[in-house]
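Student: I have a new structure open and would like to learn how to read it. Could you walk me through a few features?

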Amino acid sequence: NLLNAPDMYMEKIAIGPNLPQNLIDLDFDIKKNIKLLSQAKNIKPDDLTACLLNRPRHNKIVKSLNEMGTKIKFISDGDVSGAISVAYPNSAIDIYIGIGGAPEGVLAASALKCYGAQMQTRLFFQNENEKKRAITMGIKDLHKKYTIEDMVKGDVIFCATGVTDGELFKGIKDFG
């Protein structure tokens, strides 16, 4: 169960609702995914905004996005809210991409399922010990791509609140 694997990582790519199914794919390079998304939205790649964690591991993605003129919304943490932002009605985020925590990927998939959005993930291993741990957890295909339907079975309710102000929610206010 990936929710019980706080130190495992996964590649993630997510887009909002009302787009052609299976439009994006982790096996495509970022430029192809951006081109497909911009065509589906009938806008230019430089009119899109991508959200990703501000991490050195994403330098190649950032370079490709910059080459296409795609705007970037960096986040310092909270990739659950980053992924959910693609489906939020008032968000300017068109695509979420990058590597983040596996449990957070499952939580984001739960929320995105409620919105009718799309997400694809794949476990990301930094070393052989992480691969062995995944096998011990019962994962047979270490390269499998997971969709929302693979990660979230049946009905789901997602509820989130904000303690501090964030991208999606206002935090708690003390009015005395």
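Tutor: Happy to! A word on names first: helices and strands are DSSP runs, numbered from the N terminus. Keep in mind that this is a predicted model.

Student: Then what does the chain average in pLDDT?

Tutor: As a general rule, where pLDDT is low, the predicted coordinates should not be read in detail. Here the chain averages a pLDDT of 92, and 98% of the residues score at least 70. Confidence is lowest in helix α3 (residues 79–84), with a mean of 91, and highest in α1, at 98.

Student: Where is Asn-18 placed?

Tutor: Look in the loop between β1 (9–15) and α1 (30–41). Asn-18 has a positive phi of about 65°, although it is not a glycine. Asn-22 is found in the loop between β1 and α1 as well, and its phi is also positive, about 60°.

Student: Is Asn-18 buried or exposed?

Tutor: The cut-off for exposed is over 50% relative accessible area. Asn-18 counts as exposed because its relative accessible area is 80%. Asn-22 is exposed too, with a value of 64%.

Student: Now the sheet. What is the order of its strands?

Tutor: In general, strands of a sheet pair through backbone hydrogen bonds, either parallel or antiparallel. This open sheet has six strands in the order β3-β2-β4-β1-β5-β6, with mixed pairing. At the edges are β3 (71–75) and β6 (145–147), each pairing on one side only. From one strand to the next, the twist averages 20°.

Student: In which sense do β5 and β6 pair?

Tutor: Antiparallel: β5 (residues 118–124) and β6 pair over three bridges. To see a bridge on screen, find Thr-121, whose partner in β6 is Tyr-146.

Terms used:
Residues numbered from 1 in each chain as written. Predicted model: local features only at pLDDT ≥ 70, side-chain atom pairs only at ≥ 80, totals over all residues. Heavy atoms only, no water. Helix = DSSP H or I, 4+ residues; strand = E, 2+ residues; numbered from the N terminus. Buried < 20%, exposed > 50% of the residue type's maximum accessible area, 1.4 Å probe, protein only. pLDDT = per-residue confidence, 0-100. Pairing = 2+ DSSP bridges. Axes fitted to C-alpha atoms, helices over the stretch in contact; angles between N-to-C directions.
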